[in-house]
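Have a look at it before we start.

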Amino acid sequence: MSLSIRNQLPGTVTAVTPGEAMATVGVRLSGGQDLTAAITRESAEELALAPGSAVRALVKSTEVALATGRVDGLSIRNRLPGTVTAVTPGAAMVSVAVAVEGAELTAAITRQAADDLGLSVGVPVVALVKSTEVSLATA
């Protein structure tokens with residue numbers, strides 16, 4: 001199956017916490033970082049997610065925010081440290097490739113944000129992704 005979502009991070013389910021309508025799913029990415037996905041309880045059941053299940057965490061590049069410094073006071077739990085490996089500018093938006101441990105992410109951000117952050121190859125960043133913006137797929 002082909003997907004238009006560029007960020008497809010392989011990992012293993014570490015925990016599933018079902019709620020009434022939603023479930024949180026802990027995922028250990030192949031590089032060792034932990035990620036949390038908030039998906040519907042029904043989806044977690046249909047995918048038969050359990051600790052040890054192999055999954056791919058799917059994140060649209062427009063849902064990846066970048067920070068160049070320490071991040072405090074945010075509810076965003078998914079914080080993946082990395083290094084900028086490419087910056088591809090467009091008229092309004094910029095595509096930023098970020099190497100994180102064991103994978104590469106792409107963030108689509110405004111040109112103004114990229115300029116304000118001083119993004120260039122080699123700059124250390126933290127990729128931020130809300131748990132509700134992480135989808136899961138099984139192999």
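**The cavity and beyond**

Leu-9, Pro-10, Leu-29, Ser-30, Gly-31, Gln-33, Val-100, Glu-101, Gly-102 and Ala-103 line the largest cavity. Keep in mind that this is a predicted model.

Q: What makes Gln-33 a lining residue of the largest cavity?
A: A lining residue has an atom within 4 Å of a cavity point. Gln-33 is listed among the lining residues, so it has such an atom.

Q: How many cavities of 30 Å³ or more does the structure hold, and how much space lies in the largest cavity?
A: There's 1 of them, and about 30 Å³ of space lies in the largest cavity.

Q: Why are E2 and E3 called paired strands?
A: Pairing takes at least two bridges. Strand E2 (residues 22-29) is joined to E3 by 7 bridges, so the two count as a pair, and they run antiparallel. Within E3, Ala-37 is the residue that Val-25 stands opposite.

Q: What makes E3 and E10 edge strands?
A: The open sheet has 5 strands in the order E3-E2-E1-E4-E10, with antiparallel pairing. Strand E3 (34-40) and strand E10 (135-138) each pair on one side only. From one strand to the next, the twist averages 45°.

Definitions and conventions. Residues numbered from 1 in each chain as written. Predicted model: local features only at pLDDT ≥ 70, side-chain atom pairs only at ≥ 80, totals over all residues. Heavy atoms only, no water. Helix = DSSP H or I, 4+ residues; strand = E, 2+ residues; numbered from the N terminus. Axes fitted to C-alpha atoms, helices over the stretch in contact; angles between N-to-C directions. 1 Å grid on protein atoms, 1.4 Å probe; cavity = no way out; pocket = protein on both sides within 12 Å on 5 of 7 lines; lining within 4 Å. Points joined across faces, edges and corners; volume = space filled by probe spheres on them.
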